[in-house]
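Biologist: Please show me the model, and then I will ask how its labels were reached.

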Amino acid sequence: MVGASKAETGGGPIRLGMVGGGQGAFIGAVHRIAARMDGEFQLVAGALSSDAERAMASAAELGLDPARSYSSFAEMAKAEAKRPDGIEAVAIVTPNNVHYPAAKAFLEAGIHVICDKPLTSNLADAKKLAALVARTGKVFVLTHNYTGYPMVRQAREMIAKGQLGDIRVVQAEYPQDWLTEAVEATGQKQASWRVDPKQSGVGGALGDIGTHAYNLARFVSGLELDQLAADIDAFVPGRVLDDNANVMLRFKAKGKAPGARGMIWASQVAPGNENGLKLRIYGTKGGLEWTQADPNYLWYTPFGQPKQLLTRAGAGAMPVAGRVSRVPSGHPEGYLEGFANIYQEAARAIRAARRKGGKPAKDVVYPTVQDGVEGVAFVEACVKSSKKNGAWTKL
């Protein structure tokens, strides 16, 4: 079952702060649930909104000490770094354009960072942030939460062990329908910033969900992207950023095997799709299929044999999947538990950083700042390719 205990990794709950995630913010609540699910973190401070009044009201709702409700992340980083009981880690759950300056402020203050994806709103900032993480030596966790699902870990391990043979085809899709109409025009908060290039960056659906699909494809397959060809569109009149993207992928050769080929479809204008993340990977010896809407199941088809259904914590489940499972087979686990697994890994890494050497156990796996850099590079390469009528573009 999940992770190592606090007794094994040292001390009580990790003192956590949060930037963003105040009233009306969906992802902030998700992060708070995930952080406290295993008792590894305690939220003690926050700059929960750029609006001081809303920040204070949000802090009050969460029971935070009013003295530790801050009007800005800069003030929070400076003040918490001086306190003997200051935060040890911060969760950044803001629009994309705030990720870089906020993460920079806390890293420079000596505080570990857990950041929502995408890493930043542009590649230049992403690279600067990666350099800062390397210089400070602080733990940086990017919450590509789907990497925390047990059957995703299972699929990754099966491929690494060669059960699919040489990988030939990687397909990921992530369709939604919530932006089929111009809901941003109604003032809907979650839509408004996502379609604003000043807050989101150059990618709309690409940055919001395309990065998830791309990260999942890379995480499970273990392949490295060489180049891509993208066709992106903003179908809703007046919308500046993409709401639909079709991307063809060419992966680098691995060993003696030729480079695999792949496709990613990310859309927020696909009626009938709520959160349709799916992954399919095919090799010389077999194939795998995983669907986020049914995350406890992994379909495995050895070539020439009947399709097999592998279940979370069931027969055939590997130790890597068992380590991040919480309950026996047949009891559904999903989005919140997968997210919590990323926080559990973050806790293990942060606790290891307290010890001499600072390295967590080898089985600790989480998306890093480098994964974030690659995600932003993916978005920018897609935009560049599409502007050139889908020309093949190096990452």
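Biologist: Why is asparagine 389 called exposed?

Modeller: Its relative accessibility is 75%, and exposed means over 50% relative accessible area, buried under 20% and partly exposed in between (1.4 Å probe, protein chains only). Asparagine 389 therefore counts as exposed. This is a predicted model, where local features need pLDDT of at least 70, side-chain atom pairs count only at pLDDT 80 or more, and totals for chains, interfaces and linings use all residues. Residues are numbered from 1 along each chain as its sequence is written, and side-chain values use heavy atoms, with hydrogens and water left out.

Biologist: What makes tyrosine 214 and phenylalanine 378 a stacked aromatic pair?

Modeller: Rings of Phe, Tyr and Trp (its six-membered ring) pair if their centres lie within 6.5 Å, and planes under 30 degrees apart count as stacked, over 60 as edge-to-face and the rest as tilted. Here the centres are 4.3 Å apart and the planes 5° apart, so the pair is stacked.

Biologist: How do you know that tyrosine 214 counts as buried?

Modeller: Its relative accessibility is 2%, under the 20% limit, so tyrosine 214 is buried. Phenylalanine 378, at 0%, also counts as buried.

Biologist: What makes arginine 250 sit over the ring of tryptophan 392?

Modeller: The rule asks for NZ of Lys or CZ of Arg within 6 Å of the ring centre and within 35 degrees of the ring normal. The charged end of arginine 250 is 3.7 Å from that centre and counts as over the ring.
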